[in-house]
Amino acid sequence: MRPAGHKLPDLFKAYMRDEHRTDEWKKKVPLRWNKYIQYAGEDTDISSYSRDDARAYRDALELPDAKGLRVKSSTVDRHIKQIAAIWNKGLRELGVTTRNPFESIRATPLDDSDQREVFTPEEFKELLLACIAQGDDIRSLYALMIVTGARNSEAVGLRRCDVFLDVPVPHIAIEPWGPHKLKTKNSRRTVPLHPKVLPLMQAQMNATEGGVALFPRYSDGVEAKPDADSFSGAINKWLASVFGNRDRTAYSSRHTVKDLLRNANIPDDRQRAITGHGSQSQADTYGHGRALELKRDDLFMALSCLG
């Protein structure tokens, strides 16, 4: 049965019922929907919308822009997945028993996925030494990422209370606070600090004494969401000047640590305890996690290239 009268905007209104989401989500999802509506038309009746229409929108997303650049397949898939989710719930809420036209619609397969650029062990050591030599807050933040494999947002969001230097195993605690959310449940963790960055971290603690955030250039540690994008832009520009190209980005440090852990034959569950990647086993969720001393041994073995 296809009741007449329901237009595409009605789907989104129905979809938003009982949706209690983050502010970031509330900004991102309507932008995707508005882009879709601009293409499909606000007056389009959902009963007349077909799978051919859905495929046409998919094809439109894949068209090159004025500079000849094409949106990556993974980006198109994320966009289509969101539109399909809105259709699914919207149809259900409206009581319309018709098939979702976006069901199983996927981007055209292309070999355009990101090649995760990593640093060689020699480059990684040189990069850490360059950060130590420069010693400003931006380089200190990146040095921290180099030795922990932390995500950009995790490092930028650190507070002074998350740093433990005068303990048997110096470490950081990656924790959510206020508007600062972590990517997954398993992202909440402790990570040992390499001896080479301890002077930088102590200097940063001294410089921010009396404050809350460890890196106040990018975070207040209280009310505002940490500005990971600005940090990434600054580091990416610096890395481009160091390596003469833009193949390596701020996130390359995380991928490098992951590679080093794997190459050191650290088991997957112990890698995840350090990197905070999503758990792949129910057993990983038991207990209180891996002890800091054991994490330290694994991480320092992997980071032996740093000297």
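This is a predicted model: local features need pLDDT of at least 70, side-chain atom pairs count only at pLDDT 80 or more; totals for chains, interfaces and linings use all residues.
The charged end of Arg-248 sits over the ring of Phe-243, at 5.0 Å from the ring's centre. Next, select Arg-139 and Trp-238. Here the charged end of Arg-139 sits over the ring of Trp-238, and the distance to the centre of that ring is 5.0 Å.

Now move to the interior. In soluble globular proteins, nonpolar side chains tend to be buried together. Select Tyr-142 and Phe-231: in the largest nonpolar core, which has 47 residues, these two touch the most other members. To see where the core comes from, colour the elements that each give at least two residues to it, among them helix H5 (121-134), helix H6 (137-148), strand E2 (171-174) and helix H9 (228-243). H6 provides the largest share, eight residues.

Keep Phe-231 selected and show what surrounds it. Leaving aside residues up to four places away in sequence, Phe-231 touches Ile-138, Leu-141, Tyr-142, Met-145, Val-156 and Tyr-218.

Aromatic rings are the next stop. The structure holds 14 aromatic pairs. Select Tyr-36 and Tyr-49, an edge-to-face pair with 6.0 Å from centre to centre and 80° between the planes. Tyr-36 belongs to helix H2 (residues 23-40) and Tyr-49 to the loop between H2 and helix H3 (51-61), so the pair ties together parts that are 13 residues apart in sequence. Both Tyr-36 and Tyr-49 are buried.

Then select Trp-87 and Phe-102. Their rings form a tilted pair, 6.4 Å centre to centre, with 50° between the planes. Trp-87 is in helix H4 (residues 73-94) and Phe-102 is in the loop between H4 and H5, so that the pair links distant parts of the chain, 15 residues apart. Are these two residues buried or exposed? Trp-87 counts as buried because its relative accessibility is 0%, and Phe-102 counts as buried because its value is 1%.

Finish with the cysteines. How many disulfides does a search of the whole structure find? The search finds zero. Select Cys-131 and Cys-305 to see one case: Cys-131 is in no disulfide, and the nearest cysteine sulfur, that of Cys-305, is 14 Å away. With a relative accessibility of 0%, Cys-131 counts as buried.

Conventions:
Residues are numbered from 1 along each chain as its sequence is written. Side-chain values use heavy atoms; hydrogens and water are left out. A disulfide is a pair of cysteine sulfur atoms within 2.5 Å. Buried means under 20% relative accessible area, exposed over 50%, partly exposed in between (1.4 Å probe, protein chains only). A nonpolar core is a set of buried Ala, Val, Leu, Ile, Met, Phe, Trp, Tyr and Cys residues joined through side-chain atoms within 4.5 Å. Helices (H or I, at least four residues) and strands (E, at least two) are DSSP runs, numbered from the N terminus. Contact means heavy atoms within 4.5 Å. Rings of Phe, Tyr and Trp (its six-membered ring) pair if their centres lie within 6.5 Å; planes under 30 degrees apart count as stacked, over 60 as edge-to-face and the rest as tilted. A charge sits over a ring if NZ of Lys or CZ of Arg is within 6 Å of the ring centre and within 35 degrees of the ring normal.
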